[in-house]
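This briefing concerns a complex whose sequence and structure are shown below. The points are grouped by topic.

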Amino acid sequence: MKTPLLKGAALLGASALIAQPALAAAPDAEAVSAGTAYIFNTLLFLIGGFLVMWMAAGFAMLEAGLVRAKNTSTQCIKNIGLYSIAGLMFWVIGYSIAYPGFAEGSLGLFGVAGFPYAMQGVGSADTDTGYSVASDWFFQMVFCATTASIVSGTVAERVKIVPFFIFVTVLTGIIYPVVVSWEWGGGYLDSVHGFSDFAGSTLVHSTGGWAALVGAIIIGARAGRYGADGKVNVFPGANIPLATLGTFILWLGWFGFNGASQLAMGTVGDASDVSKIFVNTNMAAAGGVVVAIILTQVMYKKADVTMALNGALAGLVSITAEPLAPTVGQSILIGGIGGVIVVFTVPLLDKFKIDDVVGAIPVHLVAGIWGTLIVAWTGDATFMGQLVGVLLTAVWVSAASAVVWLALKFTIGLRPSEEDEMMGLDKAEIGVEAYPEFAR
Amino acid sequence: MKFIIAIIKPFKLDEVREALGAIGVAGMTVSEVKGFGRQKGQTEIYRGAEYSTNMLPKVKLEIAVSDEIAGQVVETIQQTANTEAIGDGKIFVLDLASATRIRTGEAGETAL
């Protein structure tokens, strides 16, 4: 997802070329009017946007299924709360930081455009832009929400809702938008390093992943999770069907996430590209699932359903940095390696006593890094350029997240009392149990 | 009268119920229970970490019968619920002091 403005400009450039007969390639003969292109481009943003919005439901169900029954209501309120806070913050300031309109020759590290973001008047349209600005804002906003969703899964079951929501406020208002400005906002990574991240393996998924990792370290593991002798005490998820439904919802939403990141569907070429992205996205996820099933079957003698679910998501994250350029075979391979990453990184985190309830760190952070670096093979990017993007994101997001998590820890506190944690956050924080009939 | 408590594998319940019906057992109480025996549960793997399921699900049958058929009931359960594998369960027999049918007030073996 390069900046919409650049893409729109390229689009206009293409239609200007039609005037020159010598350059009229076959697709240009199929060109539509600016008004029709505006409608199709806008439609792509809207459809993609509500598909990505629905990913919030996917995260909610995945997490509700993988926490213990006593923390399920809490996980649900965190998910609908973070989605709403992300939208509010992205309107208040987030979009203005993400797309600051860096001045020519500036380093492009931080800027703020006028805020709040202005919408078009009723019935008005600007065909020069190529799409409705509200559709663009909506599409960008749901990506911001996705970033926050990643964090809630990792730190589930042991962080109180108020500090969690405060962290989400800073993450969606400042931390994430700054990363976006470096790349999709035309800033430092885009202009200096030629960094390439089509739909956000780094910008969205690794950003959420770093925030989650730092959170998990500062908050600490769930009470009783790691025994004195290094033994891992397993807390199996309460509802595997919900986790499976959540994963399917995320998989569906990803067609919007990657497909609509083409940012244009007003030409026949763009329509073909969006379709190709759908295929590659699907096949990467399928590769991740099959690899995770085979590996767990071979290593543990039983296939692990939660690993298969994580495998799908790792495959999706892996292909997100470049879902258009790879062949289908490359996509399956890239997604399949995402599945390998999940199966080996999940137990590895436990070795370091980093308690990631739903596996968001392997899925979003590690597979996100993998997906970003491999663009040097499949896409238009250099390995060094990709590495700089990964590292810069790591440093900024980790440092900023650490400041916020630590500030919360030493002021209002992050964790419930051990007694409340053992009783379950549903009773301690929400007062409504998810499955009251079963608790009796 | 005897009071028979049998702990069996859940999937054997229907088979045991049919076999007991065939030898004249008129009723029983069934509960889903959890527990462990000499095997001490079993080990599973969740997300790459081993854990032991300390309590395994079992079905508990409670059956009150006359002294005459008590031996046959125990034998029937033992044979029907047997899979020749660990975790097949146990059968306990207690002396039963009295039995009363609530609807009619009948007492003793006629209440069974």
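Leaving out residues up to four places away in sequence, Ala86(A) touches Cys144(A), Ala145(A), Ala148(A), Val168(A) and Thr172(A); two residues are in contact if their C-beta atoms, placed from the backbone, lie within 7 Å. The model is predicted: local features need pLDDT of at least 70 and side-chain atom pairs count only at pLDDT 80 or more, while totals for chains, interfaces and linings use all residues. Residues are numbered from 1 along each chain as its sequence is written, and chains are lettered from A and ligands numbered from 1 in the order in which they are written.

**Nonpolar cores**

- Ala86(A), Ala212(A) and Leu316(A) touch the most other members of the largest nonpolar core, which has 123 residues.
- Such a core is a set of buried Ala, Val, Leu, Ile, Met, Phe, Trp, Tyr and Cys residues joined through C-beta atoms within 7 Å; a residue is buried if 20 or more other C-beta atoms lie within 10 Å of its own, exposed if 12 or fewer, and partly exposed in between.
- The most is given to this core by helix H2 (residues 34-66) of chain A, with 14 residues; helices (H or I, at least four residues) and strands (E, at least two) are DSSP runs, numbered from the N terminus.
- A second, separate core has 13 residues, including Ile8(B), Leu61(B), Ile63(B) and Ile77(B).

**The sheet of chain B**

- Four strands of chain B form an open sheet in the order S2-S5-S1-S6, with antiparallel pairing; two strands pair if DSSP finds at least two bridges between them.
- Strand S2 (29-35) and strand S6 (89-95) of chain B each have a single partner strand and stand at the edges, so one side of each is left without a neighbour in the sheet.
- Direction ignored, neighbouring strands of this sheet are turned by 20° against each other on average.
- Strand S1 (residues 2-8) of chain B pairs with S6(B) in the antiparallel sense over seven bridges, and Ala6(B) has Ile91(B) in S6(B) as its bridge partner.
- Helix H2 (residues 67-80) of chain B packs on the sheet, touching S1, strand S5 (56-65) and S6 of chain B, and its direction makes about 5° with that of S1(B); axes are lines fitted to C-alpha atoms, for helices over the stretch in contact, and angles run from 0 to 180 degrees between N-to-C directions.
- S2(B) and S5(B) run antiparallel and are joined by seven bridges, with Thr29(B) opposite Glu62(B) in S5(B).
- Of the seven residues of S2(B), zero are buried, so this strand lies largely in the open.

**Lys60(B)**

- Lys60(B) lies in strand S5 of chain B and is partly exposed, with 15 other C-beta atoms within 10 Å.
- Apart from neighbours within four places in sequence, Lys60(B) is in contact with Ile5(B), Ile7(B), Ser31(B) and Val33(B).

**Interface and confidence**

- Six residues of chain B contact 12 residues of chain A; strand S3 (42-46) and strand S4 (49-53) of chain B are the elements that give two or more residues to the chain B side.
- The complex has an ipTM of 0.73 and a pTM of 0.85 from the predictor.
- Chain A averages a pLDDT of 92, with 93% of the residues scoring at least 70; pLDDT is the predictor's confidence in each residue, from 0 to 100.
- Over residues 2-25 of chain A the pLDDT is below 50. Where pLDDT is low, the predicted coordinates should not be read in detail.
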